[in-house]
Amino acid sequence: MHAEAAFWLEEIRKLPPLQARLMEVCGTHTMSIARAGLKTLLPPGVELLSGPGCPVCVTASEQIDAALTLAMEPRLILACYGDMLRVPGSVPGDSLQRRRAQGARVELVYSPLDAVGLAAKNPDKEVVFLGVGFETTAPGTAAAVLAAREQGVKNFSVWSMLKTVEPALRALLAQKDVSVQAFLCPGHVATIIGAEGFRFLPEEYGLPAVVGGFEPAEILRALYLLLRQLSEGRAALENAYPRAVRAQGNQLARAMLERCLRARRDCWRGLGEIENSGLGLREELAAFDAEKKFGVSTPSAKQTTACRCGDVICGRCRPGDCPLFGAKCTPEDPVGPCMVSSEGACAAAYQYQTV
Amino acid sequence: MDELITLDYGSGGKKTARLIEEYIVPAFENPALRALGDGALLSGAEKLVFSTDSFVVDPIFFPGGDIGRLAVCGTVNDLCMGGGTPKYLSCALILEEGLPLRDLERVLASMRAAADEAGVQIVTGDTKVVERGRGDKIYVNTAGVGFLEHPGLCPDAIRPGDAVLVSGTIGDHGTAIMLARSGMLQSDLCSDCAPLGALCEAMFETGAAIRVLRDPTRGGVATTLCEFVEGRSFGIELQEEALPLRGEVQAACALLGLDPLYCANEGKLLCVVAPEDAERLLAAMRRRPEGKDAVCIGTVTERYPGRLTLQTAPGGSRMLQKLSGAQLPRIC
């Protein structure tokens, strides 16, 4: 056993027993916890819940549907991260992967800048990058837009589905049926916005908040700090990921974000419309805004399945509580995004089932 | 909605299994195919092992190998895993209009070198050329026959208590290809692409009670081990800390969002062996260059029948599933 992980586990076990529901709001935490089997190691009474931390999962199915439609435009190349490829829209089975098999040109990229390169290489095509993610990926998306402008790549645009974490956590905490005692805060997002970005949790909601890293030992350390606060009846902000996260975050990235993106109302799966929770391109970058360029509209879709992804994202239920989990909904034939995103809570629960 | 072939059907995971079990096997139904070994066992004057494999790798030249070496090693290794001594290969080429002849020459020279290394001859073949855009540079199919020397290798022979061995570091080939494809990371990591006949021979010479051999190519170590336990009365328990992983593979997989347990290997084998023979067999494997990092990674147990489980490094425990579709790079 890793010595450091063993140490923090021992510290956790020394704390007085308590009943606590802790929520992580980062898909990478969700996966890391499941991969290392950490849930099997925690004392009984301590429950880990996954919150709205997987960017693909929180994207509303209407937006996925609209992306599927856009992908079929002739002379268009849709560039996206690998996570998006298998995500179903409102019709199970329909996905960018299927659209690709039907003739759409969908290209996977590692970075939004690769999509700018793709546009430069294909001057007779329009390249649209699907900008999905939280504050972590927003600066990179902004950098790509600026690079395209600088290089005069006019056939590149971004469809921003970018979202910010704070409004979603506030919306989540306003829900009466959601019960969480403390937050394991996302290390990646905090790298950009700073640990201070989560101070509202202890100060306004009286909830312990600890920014955590992603190695099993780092997660256990953050969980220990959360449980210690709970057992001492305190609520404070602590940074357990100091090797990457500063109090004020990454100033350069924040400035980039500020320069290119503006807050706007956005729709979240499970949480609905939330004011100022999305990031759209600023007016002066309209030439690179796919929504304007292609008149993208997101028609409202009726949910036709029993999928409970929306409830899973809010911690109202666990993946296994969904009637479709593992039977009608599997990573091979997903009904909801949480089963197919590489950061989804259902994918983690299915792929890394504990024994 | 009509099912379409998507890239997932070629991943070597669950969708590939569905394609084989629901479409291909029923269409050709016969006992040699139904056994679904790496190679088919044929009876006649000589007992033969027969196998085929197609190669469409992109890029066609990659660190540690190329499509030609891969095409020879892939089929040779399938024959070895079936207990055969590989003898003859065929080579069918599908070439895209516009392929530089010097690239073809390079691939053919590499096939010849790999064939010499593996002790096989390429004795028959075919070529087709398709219009530009209707293929991707070069596709290679090889089929091979070998003499069956070691019959009875099969997951059904596995017993509780047996040891699970791997011949070296895992995930090297898949990770090297992903790195070459992404073009964003510099690394010395090479594909492990190699013929395994000599290693197998050294293993059989020990007289160890080898239950089954399999080369964990597409789908990786986890998918192959899942196939061993599926529907059977035993399970396999892996120790995460015992898994031999190169630092580069670990780091690249973390960056690219891949799991080395599901990354392809092209020069490694998995072996289940009686526990009392495990150490002796490992010692013999380690005397060969392609087996120098051989190690025991788990045991066969009755605890979770039909399941592959992993004892994680921090001490947790979880199940491992077959690969469900191609591994994809992720957001962050």
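**Figure 1. Where the two domains of chain A touch.** In this predicted model, 15 residues of domain 1 of chain A are in contact with 19 residues of domain 2 of chain A. For both domains taken together, the buried area is about 1300 Å², and carbon and sulfur atoms give 69% of it.

**Figure 2. The two domains of chain A, piece by piece.** Each domain is built from two stretches of the chain: the assignment gives 3-54 + 165-239 for domain 1 and 56-164 + 250-293 for domain 2.

**Figure 3. A closer look at the domain 1 side of the contact.** What kinds of polar link cross between domain 1 and domain 2 of chain A? Seven residue pairs are in polar contact, both partners having pLDDT of 80 or more, while the count of salt bridges is zero. Helix H8 (165-173) and helix H9 (187-193) of chain A are the elements that give two or more residues to the domain 1 side. Of these, H8(A) supplies the largest share, six residues. Sorted by class, the domain 1 side has ten nonpolar residues, four polar ones and one charged one.

**Figure 4. Chain A as a whole.** Stepping back, you can trace 15 helices and eleven strands in chain A. The C-alpha trace spans about 65 × 45 × 40 Å along its principal axes. How does the radius of gyration of chain A fit a compact globule? A compact globule of 355 residues would have a radius near 20 Å, and chain A has 20 Å, so the two agree.

**Figure 5. Where chain B meets chain A.** Here 39 residues of chain B are in contact with 46 residues of chain A. Together the two chains bury about 3600 Å², with carbon and sulfur atoms giving 58% of that area.

Figure 6. On the chain B side, the elements giving two or more residues are helix H1 (14-28), helix H5 (172-182) and strand E14 (317-320). This side of chain B has 19 nonpolar, ten polar and ten charged residues.

Definitions and conventions. Residues numbered from 1 in each chain as written. Chains lettered and ligands numbered in written order. Predicted model: local features only at pLDDT ≥ 70, side-chain atom pairs only at ≥ 80, totals over all residues. Heavy atoms only, no water. Domains from an automatic or database assignment. Contact = heavy atoms within 4.5 Å. Buried area = accessible area lost by both parts, 1.4 Å probe. Salt bridge = Lys/Arg side-chain N within 4 Å of Asp/Glu carboxyl O. Polar contact = N/O pair within 3.5 Å; in protein donor to acceptor, adjacent residues only side chain to side chain. Helix = DSSP H or I, 4+ residues; strand = E, 2+ residues; numbered from the N terminus. Nonpolar A, V, L, I, M, F, W, Y, C, P; charged D, E, K, R; others polar. Rg over C-alpha atoms; globule rule 2.2 N^0.38 Å.
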